[in-house]
Amino acid sequence: MEISLLKKEQNDFLTQTGPGTPMGDLFRRYWHPALLVEELPEPDCPPVRLELLSEKMLAFRDSSGRLGVIDEFCAHRGVSLWFGRNEENGIRCPYHGWKYDVNGNCVEIPSEPEESKLCDRIKLKSYPLVERGGVIWIYMGPPEHQPELPEYEFALAPPERRFISKRLQETNWLQALEGGIDSSHVTWLHGKNLNSDPLFQGSKGNQYNFGDLKPVFEVVESAGGLNIGVRRNAEDNQYYWRITQWLLPAYTIIPPRGDHPIHGHFWVPINDHQNWAWSFDYHPNRDLTDKEVQAMSEGKGIHVRYIPGTYIPLQNKSNDYLMDRAAQKAGISFSGIDGIAMQDASLQESMGSIQDRTKENLTSTDNGILMARRRLMNAGKALLEKGQMPPGSSPESQRVRSAAFLLPRDQKFQEAAADALIAVPGKPHVTV
Amino acid sequence: MEISLLKKEQNDFLTQTGPGTPMGDLFRRYWHPALLVEELPEPDCPPVRLELLSEKMLAFRDSSGRLGVIDEFCAHRGVSLWFGRNEENGIRCPYHGWKYDVNGNCVEIPSEPEESKLCDRIKLKSYPLVERGGVIWIYMGPPEHQPELPEYEFALAPPERRFISKRLQETNWLQALEGGIDSSHVTWLHGKNLNSDPLFQGSKGNQYNFGDLKPVFEVVESAGGLNIGVRRNAEDNQYYWRITQWLLPAYTIIPPRGDHPIHGHFWVPINDHQNWAWSFDYHPNRDLTDKEVQAMSEGKGIHVRYIPGTYIPLQNKSNDYLMDRAAQKAGISFSGIDGIAMQDASLQESMGSIQDRTKENLTSTDNGILMARRRLMNAGKALLEKGQMPPGSSPESQRVRSAAFLLPRDQKFQEAAADALIAVPGKPHVTV
Amino acid sequence: MEISLLKKEQNDFLTQTGPGTPMGDLFRRYWHPALLVEELPEPDCPPVRLELLSEKMLAFRDSSGRLGVIDEFCAHRGVSLWFGRNEENGIRCPYHGWKYDVNGNCVEIPSEPEESKLCDRIKLKSYPLVERGGVIWIYMGPPEHQPELPEYEFALAPPERRFISKRLQETNWLQALEGGIDSSHVTWLHGKNLNSDPLFQGSKGNQYNFGDLKPVFEVVESAGGLNIGVRRNAEDNQYYWRITQWLLPAYTIIPPRGDHPIHGHFWVPINDHQNWAWSFDYHPNRDLTDKEVQAMSEGKGIHVRYIPGTYIPLQNKSNDYLMDRAAQKAGISFSGIDGIAMQDASLQESMGSIQDRTKENLTSTDNGILMARRRLMNAGKALLEKGQMPPGSSPESQRVRSAAFLLPRDQKFQEAAADALIAVPGKPHVTV
């Protein structure tokens, strides 16, 4: 596998997602998690400021319970509608009382004479929102290309079987994604957590992880992205395989361990320097236990503790992630940072908000990253040049799972375990 | 009335006031409020850093009680004179003891030999200051064009009849001004305050405000700016008129209510992204009551509460203005922000520090704003191209008042109520 | 002496020290203080982030006690090695376990196959470090031009005779240096401290300082920089001389007072907007007393109090240096700032992070500054154009001292007191 450096232009191409950029156009062909349902819990609740793909918006739920997301700023004189009143099926600008519905239509300009047509002409930008799996999803692309609703397995799982959280990450989306598909760092960065975190511990798989520090990558294209296969030596002439799923552009599913839930992430760009790291757990064929839910709520596994009232991690750049040198020295934590999620985030943020990919030294264990970059680049160009729909936006391509299993060394995972990678509601996950 | 959008260049023209800009030149033809007298209370008190029109200065009161404002930085090696000693009729640089008088003249360089002429050559930039009406005024323009002292009515009112405050606003001056001459937002944004604020409540006028939500604007040029007339329907075939005064460049007077004082503002640019919002109340023919003064001190009416030791509002951008969604929901406050002044400031700051005026949708109730922009633009050009003195700098043009009254529907306010708009010391205000 | 203003390009030339700049190249021909030994106290202690000359590095002490400073970021994918584990003679990246030794050599890439040569190819930038006089010194220049180890007198003094501290200064290095060689501000800015600070008081020299406020400068080139002689009138037809040493590029030694220790500074650029102000005291022929050491620890003399856990002064720009106007008014402090070090730093920071030297008015007491600028400029050009080694990097040129003494008025200090300016271990200092 070639080891290639990105040029500056290529790094820009992959990392910029604002309006009018190629990768921004690509992102605008998918449904993305926008908000937790808990953020807009009931009719006429407080509206929420929402920035995604470098666009500033306001999301709200109207008196009839309908969801809407519109331009943050009033068409009249540019005031933020966040200060507005959410009332009687619309949000009313606090300045002069202009009112908008969930679709951004101006429905009233109180100061205008009866015969005025001004209100009919005024329409704020708006995007469709839909609620599914505890998440409010947004589609920010051209209406004529709107894909079917997302059918990622976690999004269809019943509430008792899933747990979802989000946190602010102070980096570009791409370096978060690249962490998510990088199976080889687990033994190092998270090594101490595998056997202590209640959502990871006690799996036979962990032993294989530690038993072979030279994993071999086998990365295969899937309909919607990549199957990133990683094998480690196991007993009896077998390999221990862990298959991570990546679906374009920013969805990753980590292989489960034992009877633990499956974990995954969406890495949704806020702007070029920040992303929302969405983290979920779901179990395909049983309810989550109270103990699991409590652990997740307390920031175990891939979740975090927050600064109260925010989705900003308590451990963050401004406090050096509460680095504990004594714990690092004592070997309780490899990097001194507590918790799997912030171990990843701290290192990704330490690269700078946009990693300079013209200065890397990639190895064969970075194959997943390299192939993801290439596929993103190709999909971005195909969309730009030929208008070609990018992979991963159709429901069929979304019905996939991660898995972990043992196979005889002479078998190819993509054939022998093809079934394990297909999501079927209620079907047990394949895991060691 | 045409509905016109500004071009980027026009927005820059109107909003930039640094040295050498056209609007900066225009501002430099007027006296402006610089400091409260309480900021320089006595001889040899601590000097004060003062930035206005993007110039950094130091103001002080010398041993003889004389006021001075000079360049903030020592001519020698650029140290801030804020650290200097205010002593024996001059401010002495703390670094090497260079000393300057209130006019910026260097009066001593201790290290120089007796025969040295260096001190005579050194002169810091300085501007005239004058004390009037509790305010220290500054004139930053060409000495040969210095206008007569300001005769705005509040500045001539006796201390017992006036109350003055200032607060930092994190926007360009123009969007503060445009809020000040925008009579139509009152019923919405401040609607809940009209009947509860001790400095606004209990006036018959408030009922007219609420009784007609489609005010009609009639804006007429005055010698110094505009009379912005707004009429609402009233009983007996009458109109309820409210006339706001605007004097170039940045002085506005709000119409009074009942026996309440008259309110007004100066919006003085600090730099292109901040302004000092000066707020005053005065009653033309009676002393303010203790209750009124206390209410003003506590941030009622158009005044605010401060972060102690500063003129920065306690409610500000960094804390979302202490937005109270419950109060908003309960209808106690329309935008959830407490207090009239911060209701305005919060929305104006939400537009960004310089509003993008290329993206508005103005209506007929924005006529005051449109005509003010045009008059500013014309005055700026006339000064730039023909050296023409801009309107509003002569004492005669400053002797105006706001007023509110009822008139038969067939009468023009500018004739029928011309007298009400003229300031005469001790004459009662015309108000409903 | 000519009074000349710098052009913008000249100011840039002197102030910019990043990689590839002429002054940056010059700085890279010397050993500089990088860290206090207390910052890397023992084998495998926590590594320290270190930015110097606009380069971001990581310093650490390995299991064998060896010091190393390497690029802060891992060669693999750019993670900060600050999060790494310092263990078994190397620092291990927390992400994938890549390991580096003190010389920046990659010594292990755990995921690579046995036969891989990748590790051999990977080398992080590194620089030599050396411990001497309580300080860890760094040489960041071309290896073939590495000078002999520094022999500044304080660095060779036994621990009992020296005290060293450092503090962050929020300015370019040059304005810190220019403060350090400016003998004429002492009577003003520090006037109140000379007789009260335990590390300055009680010297006859102080009386001469106050007795003549028109010091005369006589600045003479030395092998490594300048002897900045300043004379003041004294009794019996004598002059009181104070000779400050400056060695290129950023080392200054203040003349001592009475039996007090000699003081000095290094002003080491962090980047173009910050520098480390290194401050030391040493006595050439006796141990420091407990009282002296305690005073230094408490921020007396040229030292400061810190924000706990940092080298950031407790008095700093964000709190207006805890300016005390009452103390200023009462004459306890000339500028109202407590302590000699922060008196200097506050004023230097008040000039802006890079002083605009195109706007000065220099006098004859600024001769030291003018000559230092010229010598720096010439040395920078000679290095750039002819590859000429700059002055002050050889041990001989470093064996100098400051001194203070009385001389008959007709004697030249550089001849009559030449001996006093030469550092000889154990030889008493010449001081009044």
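Select chains A and B together. A rotation of 120° with 0.1 Å of shift along its axis places chain B on chain A, with an RMSD of 0.0 Å. Look for the C-alpha of B:Ser318: within chain B, this C-alpha is the nearest to the axis, at 9.9 Å. Keep in mind throughout that this is a predicted model.

**Stop 1: the B–A interface**

Show the residues where these two chains touch. Chain B brings 36 residues to the contact and chain A brings 31 residues. Between them, chain B and chain A bury about 2,700 Å², and carbon and sulfur atoms account for 54% of that.

Next, pick out the charged pairs. Three salt bridges are found across the interface of chain B and chain A. For one salt bridge, display the side chains of B:Asp182 and A:Arg77, which meet at 3.5 Å, N to O. Polar contacts can be shown too: 18 residue pairs make them across the interface of chain B and chain A, with both residues at pLDDT 80 or more.

Now colour chain B by helix. Four helices of chain B each supply at least two residues of the side that touches chain A: H5 (173-180), H6 (186-189), H10 (325-329) and H11 (340-350). Colouring by residue class instead, the side of chain B that touches chain A shows eleven nonpolar, 15 polar and ten charged residues.

**Stop 2: chain C and the axis**

Chain C is superposed on chain A by a rotation of 120° with 0.1 Å of shift along its axis, and the RMSD is 0.0 Å. The two copies are therefore related as by a three-fold rotation axis. To see how chain C lies relative to the axis, select C:Ser318, whose C-alpha is the nearest to it in chain C, at 9.9 Å.

**Stop 3: the C–A interface**

Here 31 residues of chain C are in contact with 36 residues of chain A. About 2,700 Å² is buried between chain C and chain A, 54% of it on carbon and sulfur atoms. Select C:Arg77, C:Phe83 and C:Tyr95: they supply 29% of the area that chain C buries against chain A, more than any other three residues.

How many salt bridges are found across the interface of chain C and chain A? There are three. The polar contacts across this interface involve 16 residue pairs, both residues at pLDDT 80 or more. By class, the side of chain C that touches chain A holds 17 nonpolar, seven polar and seven charged residues.

**Stop 4: a domain in chain A**

Finally, select residues 31-138 of chain A. UniProt, in an unreviewed entry, places the feature "domain: Rieske" there. Over these residues of chain A, the chain is 4% helix and 39% strand.

How values were computed: Residues numbered from 1 in each chain as written. Chains lettered and ligands numbered in written order. Predicted model: local features only at pLDDT ≥ 70, side-chain atom pairs only at ≥ 80, totals over all residues. Heavy atoms only, no water. Least-squares fit on C-alpha atoms with pLDDT ≥ 70 in both. Contact = heavy atoms within 4.5 Å. Buried area = accessible area lost by both parts, 1.4 Å probe. Salt bridge = Lys/Arg side-chain N within 4 Å of Asp/Glu carboxyl O. Polar contact = N/O pair within 3.5 Å; in protein donor to acceptor, adjacent residues only side chain to side chain. Nonpolar A, V, L, I, M, F, W, Y, C, P; charged D, E, K, R; others polar. UniProt positions renumbered as here; feature names shortened; annotations may be inferred.
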